[in-house]
Amino acid sequence: MPAALPAGHAVPTIAGALAGTGTVRAPRPGAAPAASHLRPPRRGPCGVDARMQPPEFPATRYQGSKRKLAAAIARELGARVDFESALDAFGGTGAVAYRLKALRKRVTYNDLHRFNQLVGRALVENDGATLPLEEAERLTVRRPRRRYDDVVARCFEGVFFTAEENVWIDVTCQNIHRIADRRRQAVAFWALFQSCLVKRPFNLFHRANLALRRREVKRSFGNKATWDRPFRDHFLRFVATANRAVFANGRVNRATRHDALRYPRDDFDLVYIDPPYMNRRGQSVDYLDFYHFLEGLAVYPRWEPRIDGRRKHRPLVHRPSPWCDRGRIHAAFAALFARFERCHLAVSYRGDGIPALDELCRLLAGINRRPEVVPLGPYRYVLSTGSASGEYLLVAPRRASSRPSTSARGVIGCAPVAPSRKGR
Ligand SMILES: C[S@@+](CC[C@H](N)C(=O)[O-])C[C@H]1O[C@@H](n2cnc3c(N)ncnc32)[C@H](O)[C@@H]1O
């Protein structure tokens, strides 16, 4: 059964979803029909998107997303290294991989988590598959004679979403798992993940705090109207958003799922590294704790046995990550740099983190690199005064001849350099 709408709620339509409003909107005279969003991008001779101007990367709600910095990162990389192929080793939302794809690079998106691999498949690997909204709408209702499991309804009762919403998620998720075309399926998953995120306080799953969402109090955060809007509305709107973001760059791009430390290949020209950030106090983002619910949806048939039922927010049982352990994070960076020793390396990091920037430079010196440290974004001015905060990009081109490093002399190259002016 489709979820019932709350009293007084305007009936959402597919046209409304396309217009981004979720409600009916009359077309402007002479305007292209809304359904034009559903058409795959026009293709040039080699399957390249004939518009050339790639679509805008969709806004996402994800810890550590580089969406706002992706243009600057791509510009700095383009100015400093020559590359055709690139691995985004900690892909997350895919914002950087997507930007490199727009530069017509051969891009491999990677992330440890299955839900993120699906995100990368939808927006980076995908070169033309869109999901018609009529089909998307059918995903939100029970199919006759099909048996459905109820993992969310049973295991997450009263945790993140209402009982009615839990049933909607169970049904929609299992319908999505049955889509045969994996790129279309990834588009549907992307929309499902975004729908779950926007309906969560803080856009996270680290607390069992459904009550916070439902309480009738004045709040300084979140958006109750967004939380209360039915899942189906959000889902259709996000499918339309993902459809618009799909484009081809004439290359074969891929989305993979590996631990970056054990990546099976090292034949990329460039490896971009944006691991979980650890702050000066040693606190880090445990991505599987924050986003376990999305990972569960991505592995739905195998989800239940992995749930830690002793904890209120029902995370997945998982081993602690070296990126969240101040005793192991330096060794993790060193191992990663050694793993991709043959490639140009670029690292996104914050000036006030662990390891500190000069420590990262020393680790890169261990593979005979002299990185340039490029301050990014609005923090540039502050950084030029010597303050150690804000976002940096460390760019360490591979050397034609490599010499083993015996000291931290390579760190000399670690002084912040002016960002490139080219192409701004
Ligand atoms: C700081 S976020 C990357 C953000 C990304 N650049 C963006 O713009 O959205 C770090 C990412 O690393 C992933 N991750 C954590 N441990 C990993 C590992 N061992 N190998 C690969 N990815 C990992 C997390 O799932 C998370 O998406």
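The model is predicted, so local features are given where pLDDT is at least 70 and side-chain atom pairs count only at pLDDT 80 or more, whereas totals for chains, interfaces and linings use all residues. Residues are numbered from 1 along each chain as its sequence is written.

The chain holds 16 helices and seven strands, where helices (H or I, at least four residues) and strands (E, at least two) are DSSP runs numbered from the N terminus. Of its 424 residues, 42% are buried, a residue being buried if 20 or more other C-beta atoms, placed from the backbone, lie within 10 Å of its own, exposed if 12 or fewer do, and partly exposed in between.

The largest nonpolar core has 104 residues; such a core is a set of buried Ala, Val, Leu, Ile, Met, Phe, Trp, Tyr and Cys residues joined through C-beta atoms within 7 Å. Within this core, W190 and V239 touch the most other members, and helix α8 (residues 182–198) gives the largest share, ten residues. Because domain 1 (1–38 + 129–245 + 281–318) and domain 2 (62–126 + 250–275 + 322–424) both contribute residues, the core lies between them; these bounds come from an automatic or database domain assignment. Beyond its neighbours within four places in sequence, V239 is in contact with L131, L133, A136, V187, A188 and A191, contact being defined as C-beta atoms, placed from the backbone, within 7 Å.

Helix α3 (residues 95–102) has eight of its eight residues buried, and these pack against α2 (70–80), β1 (85–88), β2 (106–110), α4 (114–125) and β4 (270–273). Just after α3, R104 takes a positive phi of about 70 degrees.

Strand β7 is largely enclosed by the rest of the structure, because six of its six residues are buried. E391, L393 and V395 point one way from β7, while Y392, L394 and A396 point the other way. The strand runs antiparallel to β5, to which six bridges join it, and pairs with β6, also in the antiparallel sense, over four bridges; two strands pair if DSSP finds at least two bridges between them. V395 stands opposite A346 and is also the bridge partner of E372.

Around the ligand there are 22 residues, the closest being G64, K66, F90, G92 and T93, where near means a C-beta atom, placed from the backbone, within 6 Å. This shell divides into eleven nonpolar, seven polar and four charged residues, with Ala, Val, Leu, Ile, Met, Phe, Trp, Tyr, Cys and Pro counted as nonpolar, Asp, Glu, Lys and Arg as charged, and the others, Gly among them, as polar.

Terms used:
Contact = placed C-beta atoms within 7 Å.
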